[in-house]
Amino acid sequence: MLKSKLNVLALLISASLLAACGDSTTNIVEKDPIPVEDDHDHDHETGAGRLVISDKDSTMLRVYNLEDGDLLGQFSSLSNASALYASASQRFVMVVQRESDKVEFIDGGLYQEDHGDHLHPYEEEPRLMSLQLSESRPTHVTTTDEQIAIFFDGNVATSSVAKVAMLNDEQINTGSNDYPVLTYSTHMHGAAQARGEILVSTIRDAATASTLPDQVGIYHVHGDHFHLEQEFDLRCPGLHGSAQNKDYVSFGCTDGVMLLKQDGETFTASKVANTADFTGTMRIGTLEGHEDAAHFIGFAGAAVFSVNPVAGTINKVEWQATTGASIIGYGFANHGEKFVLLDSTGALSILNYNAAATTGAAFELADKVQITTADLTAMPTGSQLQLAISAADDKVYVADPLSKTVSTIDLEEAEVTETQELGFTPHKLVWVGIPAGHDDH
């Protein structure tokens with residue numbers, strides 16, 4: 001876990017780096033990969049992974065080893081990170097800098113290689129990668145366990161059009177620019193999902209006043225670009241938010257959830273309409289999916305809904321929200337068996353997922369963990385609690401900009417197991433490492 005003794009080390013290292021501006025810098029010297037000791041039974045411990053945390057007051061990002069709390073490295077990005085995402089294999093960190101039209105990448109240093117009869121883990125020092133993406137307004141990032149889709153909204157003020165880059169971890173590792181890019185003819189606050197050689201992405205009529213699209217198309221990769229192969233007549237007004245699982249891709253609409261079912265290379269479209277639980281202007285604008293989850297989970301403000309694409313139903317999830325609370329962090333955990341909600345009161349709600357549910361909500365509240373009782377209205381401007389979910393074990397991490405701490409929460413025990421000081425104001429954080437296999441889990 002993060003050790004308070006690291007504060008002095010962090011200050012000493014940062015002093016040598018804070019003079020840097022403009023270009024990205026790092027104090028890490030790359031080393032040869034260190035194989036994890038092999039006892040030949042191929043049942044390796046993947047470790048707790050690493051946590052990457054950005055600094056609110058600078059462009060610095062720090063990488064911590066969650067096994068022993070060591071500060072492994074610091075990196076200065078080109079500008080402040082607007083978001084951090086883990087890559088497809090969860091080896092790399094995508095440092096999204098929306099306002100400066102950049103995406104940079106950090107190698108977290110933990111990965112595994114296929115050795116035929118087993119996957120062999122390796123451990124390296126973290127490093128800043130050479131690959132940079134420079135397109136207008138990177139905003140929505142979605143991943144599968146093999147691919148990444150980054151949607152660039154474009155910018156009407158600079159006449160920049162929307163684009164989607166579809167890439168994988170190998171291209172990040174080699175610094176290759178041979179990934180395909182979908183280029184639109186107008187700007188758009190859109191969404192995209194990568195599915196092999198297919199990109200499911202949004203379509204917007206440039207004549208409309210809204211920057212939100214209302215249609216979806218199927219694009220097929222052709223070398224460095226895409227061809228539109230199918231455009232669905234079914235409309236999705238005010239489209240915002242997307243997710244996918246093994247068989248379906250979902251999109252949030254003002255009047256419900258649009259679903260695309262894939263059968264081989266054939267896609268069919270349908271819509272699940274909003275229910276009586278949706279009042280006023282309520283609509284699902286955010287969706288989450290997981291390969292091992294048959295249901296999607298959608299958000300309409302502080303209301304949470306379970307979407308069953310097979311049955312074509314939407315059911316409200318009762319997560320016992322505190323009055324006035326808003327959801328500020330969320331995600332599937334524990335191989336899709338749990339879903340966690342971090343709210344603005346400092347509470348973490350743990351939901352159990354029932355994949356076999358055919359009626360009613362498939363998510364049920366199991367526990368709540370109060371991470372902080374501080375007055376969170378005193379947060380620094382532009383800050384809020386931040387959530388990172390481990391794929392190696394049953395833990396999540398919450399960074400608190402107010403107390404400048406990061407807490408470890410054990411989901412199985414439903415308790416905070418450690419809270420450590422950081423010595424700086426955290427802004428964004430993400431977990432990277434080697435995901436536990438289904439058998440390990």
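In the predicted model, strand 22 and strand 23 form a hairpin with 2 residues between them, and G264 in the turn has a positive phi of about 70°. These two strands run antiparallel and are joined by 8 bridges, with strand 23 spanning residues 266-273; within this pairing, Q262 has F267 in strand 23 as its bridge partner. Strand 22 (residues 256-263) is largely enclosed by the rest of the structure, because 6 of its 8 residues are buried.

The link is left-handed, with -105° about the S-S bond, and the count for the model comes to 1 disulfide. C236 is buried, with a relative accessible area of 0%, and for C253 the relative accessible area is 0%, so that this cysteine is classed as buried.

An open sheet of 4 strands was found with the order 28-29-30-31 and antiparallel pairing. Its edge strands, strand 28 (327-333) and strand 31 (363-370), each pair on one side only, and the twist from one strand to the next averages 20°. Strand 30 (residues 347-353) pairs with strand 31 in the antiparallel sense over 7 bridges, and N352 has E364 in strand 31 as its bridge partner.

In soluble globular proteins, nonpolar side chains tend to be buried together. The largest nonpolar core in the model has 18 residues, and those with the most contacts inside it are V103, F105, L133, I148, I150, L167 and I172. Two or more residues are given to this core by each of strand 7 (92-97), strand 8 (102-107), strand 11 (127-133), strand 13 (148-152) and strand 14 (163-167). When residues up to four places away in sequence are not counted, I172 touches S87, F92, F105, M129, L131, I148 and L167. Apart from this core lies another, of 17 residues, among them I350, M379, L387 and V396.

Methods: Residues are numbered from 1 along each chain as its sequence is written. This is a predicted model: local features need pLDDT of at least 70, side-chain atom pairs count only at pLDDT 80 or more; totals for chains, interfaces and linings use all residues. Side-chain values use heavy atoms; hydrogens and water are left out. A disulfide is a pair of cysteine sulfur atoms within 2.5 Å. Buried means under 20% relative accessible area, exposed over 50%, partly exposed in between (1.4 Å probe, protein chains only). Two strands pair if DSSP finds at least two bridges between them. Axes are lines fitted to C-alpha atoms, for helices over the stretch in contact, and angles run from 0 to 180 degrees between N-to-C directions. A nonpolar core is a set of buried Ala, Val, Leu, Ile, Met, Phe, Trp, Tyr and Cys residues joined through side-chain atoms within 4.5 Å. Contact means heavy atoms within 4.5 Å.
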